[in-house]
Amino acid sequence: MTERRTGNAVRAQRRDDGRRIGSWLTAAAVVLNVLQLFALPLSLLPRDAAWGWVLLPLALLTTTFWSVIHEAVHGNLHHRRARNDRYGRVLGVLYGSPFALLKAGHLLHHRYSRTRERAEIYDPATSSWVRAAPGYYLRLFGGLYLLEVAALALAVLPIAAVRGLARAVDGPDTVAGPLLERIAQAEVFRQFRVDAFAITVLYCAAFLAYGSHWWILSAALAGRAVIVSLSDNAYHYGTDLDEPLEALNLRLPAPLEILALSFNLHGTHHRRPGLRWYELRPAFDAEDGRYDCGWSRAVVRQIRGPIASADR
């Protein structure tokens with residue numbers, strides 16, 4: 001009986017710790033984004049345009065920002081699902097894409113990684129490196145984030161049209177069909193529309209706040225797009241096909257690993273997606289985990305370009 005009470009107390013303490021950490025991370029992300037979108041242009045830029053350089057470190061924190069959203073996607077920002085999803089929706093609005101889309105897309109990634117979703121692979125029987133390269137490099141250098149933002153246009157369509165589009169784009173080498181099918185569920189689509197409207201209003205107001213300095217905000221968002229897109233498939237590039245649990249663990253210095261919320265331990269995450277970010281390092285160590293390579297090397301090697309499926 002004593003051991004049972006002790007175990008319950010430990011679980012309760014971990015839940016409380018996770019709730020506090022998730023709330024603090026969410027609050028920090030909100031504050032930094034409000035600084036970027038409104039405090040900087042309305043208060044600091046009018047004094048000196050050099051304040052625009054503040055956006056550089058904020059852009060470099062893109063991986064941290066996405067990792068906080070990623071915690072919400074897996075239900076780990078708060079143990080109460082309703083509050084976790086509210087946090088996720090707020091963060092998605094600040095990120096520039098509805099949380100419903102980000103959540104559905106990422107969970108499909110876990111299900112179909114290296115099967116239907118394998119961004120760098122092309123079939124030499126129907127394509128070639130030259131034909132596959134333009135789309136691949138566009139996606140790699142910002143295109144993924146641009147697609148996430150462009151999805152806002154779905155909000156003006158009737159739900160039946162989104163379902164029809166899902167059927168039209170479905171195929172064995174893409175998750176676009178299942179993604180749109182999930183978005184087209186009535187309650188999900190309602191949330192998608194509300195968040196899409198909020199994003200449109202928020203960023204229109206932000207660009208108005210920047211006024212003649214609009215290009216500074218554009219540059220910061222372009223930086224976000226490149227970082228998000230470059231990082232997305234680095235953990236899977238060139239890995240075995242038809243292995244959804246296959247992902248790389250990438251070496252990062254300890255301070256940067258903390259800033260990335262242990263996202264570099266992606267192989268461990270794919271095998272144990274329910275773990276919170278601060279539980280990944282202990283799990284990696286307990287399994288005598290080994291790094292596949294360094295983070296920078298994994299990012300840079302993607303520049304080699306598309307890979308023929310026959311070469312895998």
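**Close-up views of a predicted model**

View 1. D195 is buried, with a relative accessible area of 5%. The cut-off for buried is under 20%, so D195 qualifies. The model shown here is predicted. D195 sits in helix 9, which covers residues 186-210. Leaving out residues up to four places away in sequence, D195 touches R89, V93, P98 and F99.

View 2. Helix 4 runs over residues 81-95 and has 15 residues. From first C-alpha to last, helix 4 reaches 20 Å, close to the 21 Å expected at 1.5 Å a residue. Just after helix 4 comes G96, with a positive phi of about 110°.

View 3. Is R81 buried or exposed? R81 is exposed, because its relative accessible area is 62% and the cut-off for exposed is over 50%. R81 belongs to helix 4. Y112 is 31 residues from R81 in sequence. In space, the C-alpha atoms of R81 and Y112 are 24 Å apart.

**View 4. Helix 10 and its buried residues.** Helix 10 spans residues 214-232, with 19 residues in the run. Its first and last C-alpha atoms are 27 Å apart, close to the expected 27 Å at 1.5 Å a residue. Buried here are I216, L217, A220, L221, R224, A225, I227, V228, S229, L230 and S231. An α-helix has 3.6 residues a turn, so residues three or four places apart point the same way.

**View 5. The whole chain, for orientation.** The protein chain holds 14 helices and four strands. Its radius of gyration is 20 Å, close to the 20 Å that the globule rule gives for 312 residues, so the chain is as compact as a globular protein of that length. The C-alpha trace spans about 65 × 55 × 40 Å along its principal axes. Of the 312 residues, 46% are buried. Among contacts with a separation of 6 or more, 73% join residues 24 or more positions apart.

**View 6. Surface and charge.** The accessible surface of the protein chain is about 15800 Å². Carbon and sulfur atoms account for 62% of that surface. The chain carries 36 positive and 27 negative side chains. The centres of these two sets lie 6 Å apart.

Definitions and conventions: Residues are numbered from 1 along each chain as its sequence is written. This is a predicted model: local features need pLDDT of at least 70, side-chain atom pairs count only at pLDDT 80 or more; totals for chains, interfaces and linings use all residues. Side-chain values use heavy atoms; hydrogens and water are left out. Helices (H or I, at least four residues) and strands (E, at least two) are DSSP runs, numbered from the N terminus. The radius of gyration is taken over C-alpha atoms; the globule rule is 2.2 Å times the number of residues to the power 0.38. Buried means under 20% relative accessible area, exposed over 50%, partly exposed in between (1.4 Å probe, protein chains only). Contact means heavy atoms within 4.5 Å. Accessible areas come from the Shrake-Rupley method with a 1.4 Å probe; for residues, only the protein chains shown count as cover. Lys and Arg count as positive and Asp and Glu as negative; His and the chain ends are not counted. The place of a charge is taken as NZ of Lys, CZ of Arg, CG of Asp or CD of Glu. The expected span of a helix is 1.5 Å times one less than its number of residues.
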